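Reader: I am new to this structure. Could you walk me through a few of its details?

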Amino acid sequence: MMPDLSQVGEAETKEWVPDNTAPVVMFDNVSKQYGRINALTSISFALSGGVTGVLGMNGAGKSTLFKLMMGKIKPSAGEVKLFGQNPWKNTAPYARVGFVPEHEKMHDWMTALDFITTFARLHGLTRDEAEKEATRVLNFVGLGDVMLKQIGRFSKGMRQRVKIAHALVNDPELIILDEPLQGCDPLARTSIMNVIRELGRMGRTVLVSSHILHEIERITEQIVILHNGRLLALGNSHAIREMLDQHPHKISITCEDPKALAKDVIDIEEVRGLSIPYANNLIIETQHFGVVHAKLPGIIVDNSHKVSQIDSPDDDLQSILRYLTGGS
Amino acid sequence: MMSEKMNSVWSKLDRKATAIAEFTMRQYRTRISTWVVLGVGLGSMLLVALFYADAMNTQIEAIDNDQDSYDWDGDGYPTGQEVIHGTDPYNSNSYPIGIEPDPREKWINEDDFNWDNASFAQISKVGYDDDGDCRREGQLVSQSQKDNNGDSIPCNIVLIYSNYSQVLIISSDGNVDEDPDDEKYAKEALHRAFILGVGKMGIVYLLGIFLPLFLATGLIRDEMTNGTMHFMIAKPIARGEILVYRMLGYLGIVWPFLIGLCLLMSLLTGFMGPSESFFRLSDLAIWFTICIAAMLVTLVYGAIFSTFGILWKQGVVLAIILAAWELGMAFVSVLAGGDSAIQKFSVIGWGLMIVDAGAAMTWPDMAMFIEMGEWVGKQSCDRSTLGDECGPLIGNEPLRFFSSGHGLGVTNWVAALIASLVLIFQAAAAWFIGQSLFKGKEMDD
C-alpha cells in the first residue's frame with residue numbers, strides 16, 4: 001500500500017486540551033473496505049460520556065471500528081473524529097485516549113510496573129511521574145500487590161487488567177476496550193466489569209466491545225449493535241432484554257465436577273433445565289439470564305467448585321440479530 | 001524559570017526519546033538472538049585475530065634477494081665478500097688473501113631500504129648501499145657503472161612519478177638497497193594488511209551489514225507482527241518519532257559493541273604488531289576511522305533495513321539483496337579503490353573511503369612502502385639464475401590487495417569528512433522514507 005503522507009502527528013503531551021464542544025467520538029458516514037469486502041458501511045454516531053457496549057458477532061466490524069478510532073487504519077469514506085480531531089492525521093488526541101487492544105501478545109519480559117511506567121513516559125511524563133502514575137493505575141485495576149512480577153507469569157485475567165491499566169495512564173477521557181472479557185475466568189470478569197463500571201461512574205466515555213450480550217448488559221445499558229459492518233441499533237438494553245426474554249438462554253460452565261455443580265444449581269428458581277453434554281461441562285437453561293448469572297458466582301465459591309470457564313453461547317445474540325434484521 | 005525549562009520541547013522530547021530508546025535496548029538484551037549475533041560477530045573477529053597473532057609470532061625466513069651469500073667457487077668466501085674485495089667469485093683460486101671468510105648469513109638481508117625521503121610529489125633520490133657492493137673501488141668498476149641512472153650521484157636510486165601514466169619509475173644504480181630485511185618488511189606489511197583487511201571487510205562490511213540485518217530489520221516489523229506495536233501507537237506520539245527512538249535504542253546496543261570491538265582489536269594489534277616501543281600508538285588513528293566507518297555504516301543500514309521491515313513483512317529479503325550489492329561494491333572499493341565511480345552508489349563504498357582516508361593518514365608512506373616491496377621482488381627475479389622462487393617481498397601482495405586510495409581528490413581529512421556526511425545524509429534519507437511508509441501503514445491484523 002502506498003504511504004499516505006497526510007498524517008501530521010505532532011508529538012503532543014499530557015497538556016493537550018480536548019475540544020469540549022465536539023463529541024468525544026464522532027463517526028460521520030464512515031465506510032471501510034478491504035479490497036471488495038465491506039468491513040464497515042455508512043456508520044454514523046456520536047458519543048460523549050458514559051459506558052457504551054459495542055455488541056456484534058465475530059467479524060461484525062467491532063475491531064475495525066476501534067482501529068479507525070485509534071488511527072491504525074484510514075477510513076475509505078466518511079470522517080472519524082476524536083475530540084473533533086482526525087485520529088489518522090493527528091496523534092495528539094491520544095493524550096486523552098486509552099486503548100485496550102484485543103491482542104494477546106504483551107511484553108512478557110517486563111514487570112507490570114515497568115511496562116506501564118515505560119509507556120506512561122510516552123505521555124511526556126518524567127520517570128518519577130510515570131512511576132507514580134503507573135502505581136496508581138495498577139492499584140486501580142487491583143494489581144498493586146503483584147506489580148513487580150513479570151507479565152509473562154500473569155494469568156489471562158491479570159494480563160487483561162495490565163492492558164487496562166496501560167490504557168488508564170494519564171487519566172483519559174475516552175477509554176476503548178476491545179473484547180476485554182474474552183477468555184477470562186469468572187472472578188477476573190467480575191473485577192474487570194467493576195473497573196469498567198467505575199470508569200463510567202467517574203464520567204469517562206467508555207467503549208467496550210463484546211460478542212456476548214449478557215456481559216455487556218452487566219456493564220451498561222447503552223448498547224450499539226453491529227452486524228455485517230452495519231450499525232443496527234443504538235439504544236437501551238432494556239428493550240433488547242425484553243426481546244431476549246422471549247428466548248431461553250444457555251449458560252455453559254466448564255468445571256471439574258458438573259454433576260455436583262448441577263445439584264447446587266438446581267435450587268435456583270429461575271433455572272429451567274440442566275444438561276451435561278460431555279464430561280466437565282454443564283449447560284444451564286433459563287429465561288432469566290441476569291438473575292442466574294448473578295447467583296452463579298456465589299454458589300460456585302460457597303461450594304468451592306472448580307470452574308475454569310463460564311460462557312454464554314452466541315445463540316441469544318444471534319436470535320436478537322435475526323429479529324433486528326427482520327428474520328424470524 | 002524551572003517550570004519553563006521543564007516544559008520546553010526538548011524535555012518532552014527527551015522523555016519520550018529515552019523511554020523508547022531504553023525500552024528498545026532492554027528488549028534487545030532480553031533476546032537470546034541479540035547475544036548470539038553479537039557473540040558470533042566478536043568470535044569471528046577474534047578467530048581472524050588468531051591468524052594475525054600467529055603471523056606476528058612466526059619467524060619469516062630471510063631471503064637472499066641478491067643471491068650474494070652463495071659461495072659459487074667453493075673457496076669459502078661468499079660472493080658478496082669476494083665482490084667488494086675485487087676477487088673473482090667464480091674462480092676458486094681467486095679470493096681475498098689474509099681476510100677471514102664471512103659467515104653466509106652476513107650476506108643475507110645486508111642491504112636494507114634507505115627510502116626515508118621518498119616522495120611521489122617530486123623527483124626524489126633515495127637509497128644507500130649499506131653493503132658496499134656498489135660503492136666498492138677497483139679497476140673493474142667505472143664511475144659510470146656506479147651511476148646507471150645518470151643523475152651524477154653514484155649508488156643511489158631515483159624515483160620519478162609520472163602523473164600521466166600514474167606509474168612510479170624506480171631507476172637504481174644497481175646493488176643499492178637490493179637485499180632488504182624480509183622479516184621487517186613482511187611483519188610491517190602483514191600487520192597493515194591485517195588491520196585493513198579485518199577492518200574493511202570484517203568490521204565495516206561484514207559486521208556493518210550483519211548486525212543491522214539481524215537487529216534492525218525487525219525494529220518496527222517485529223512489533224507489528226507481534227501485535228505489541230498497538231501499545232506504542234496508542235500513545236500521543238508520532239510514528240516518525242517512534243522510528244527514530246527505536247533506532248536510537250538499536251544504536252545503543254550496536255555502537256558500544258563496535259567501539260568495544262575496535263578498542264579490543266587496537267589493543268591486540270598495538271601490542272603484537274612490529275614496533276620499536278611496546279605499543280604501536282600511531283595505529284590508534286586507523287582503528288578510530290574503522291570504528292567511525294563501522295558506526296556510520298550500521299546507522300545507514302539500520303535505517304534502510306528497518307525501512308525494509310516496514311515496507312514488507314519479508315523485508316529481510318530486500319535486505320539480503322542489498323547486502324549482495326553492497327558486497328560487490330565492497331570488492332570494487334577494495335580492488336579498484338577510489339578509481340571506481342560506481343562504489344559511490346553504495347553505502348559501503350563511502351564507509352570504506354573513510355578507512356582509506358584513515359589509512360593514508362596513519363601510514364603516509366603506504367604507497368611507497370608497497371612500491372618498494374614490489375621493486376625488490378622484481379629485481380631479485382631479474383637476477384635469479386637458479387629458478388629460485390622470487391617475487392614481491394612477503395606481505396606485499398595482501399597489503400596491495402587491501403590497500404586503496406579514497407580517490408576523492410581532496411586531502412585525507414576532507415575525504416573522511418565528506419564520506420561521513422554522505423553516510424549521515426543516506427541515513428537521514430532512509431529514515432525519512434521509512435517514517436513516511438510507517439505513517440501511511442495501516443496496522444491491520
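## A residue and its surroundings

Author: Welcome! Leaving aside neighbours within four places in sequence, T220(A) is in contact with V51(A), T52(A), G53(A) and G200(A). Please keep in mind that this is a predicted model.

Reader: Is T220(A) buried or exposed?

Author: T220(A) sits in the loop between α6 (213-219) and β8 (222-227) of chain A. A residue counts as buried if 20 or more other C-beta atoms lie within 10 Å of its own. T220(A) has 20 other C-beta atoms within 10 Å, so T220(A) is buried.

Reader: How far apart in space are T220(A) and G53(A), C-alpha to C-alpha?

Author: G53(A) is among the contacts of T220(A). In sequence the two are 167 residues apart, but in space, C-alpha to C-alpha, the distance between T220(A) and G53(A) is 6.6 Å.

Reader: Which strands are the edge strands of the open sheet in chain B?

Author: The open sheet of chain B has three strands in the order β1-β2-β3, with antiparallel pairing. Strands that pair on one side only are the edge strands, here β1 (124-126) and β3 (167-172) of chain B.

Reader: What is the bridge partner of S124(B) in β2(B)?

Author: β1(B) and β2 (residues 157-162) of chain B pair in the antiparallel sense over three bridges. In β2(B), the bridge partner of S124(B) is L159(B).

Reader: How far apart are the C-alpha centres of domain 2 and domain 3 of chain B?

Author: Domain 2 of chain B covers 70-107 and domain 3 covers 111-178. Four residues of domain 2 are in contact with six residues of domain 3 in chain B. The C-alpha centres of these two domains of chain B lie apart by 25 Å.

Definitions and conventions: Residues numbered from 1 in each chain as written. Chains lettered and ligands numbered in written order. Predicted model: local features only at pLDDT ≥ 70, side-chain atom pairs only at ≥ 80, totals over all residues. Helix = DSSP H or I, 4+ residues; strand = E, 2+ residues; numbered from the N terminus. Buried ≥ 20, exposed ≤ 12 C-beta atoms within 10 Å, placed from the backbone. Contact = placed C-beta atoms within 7 Å. Pairing = 2+ DSSP bridges. Domains from an automatic or database assignment.
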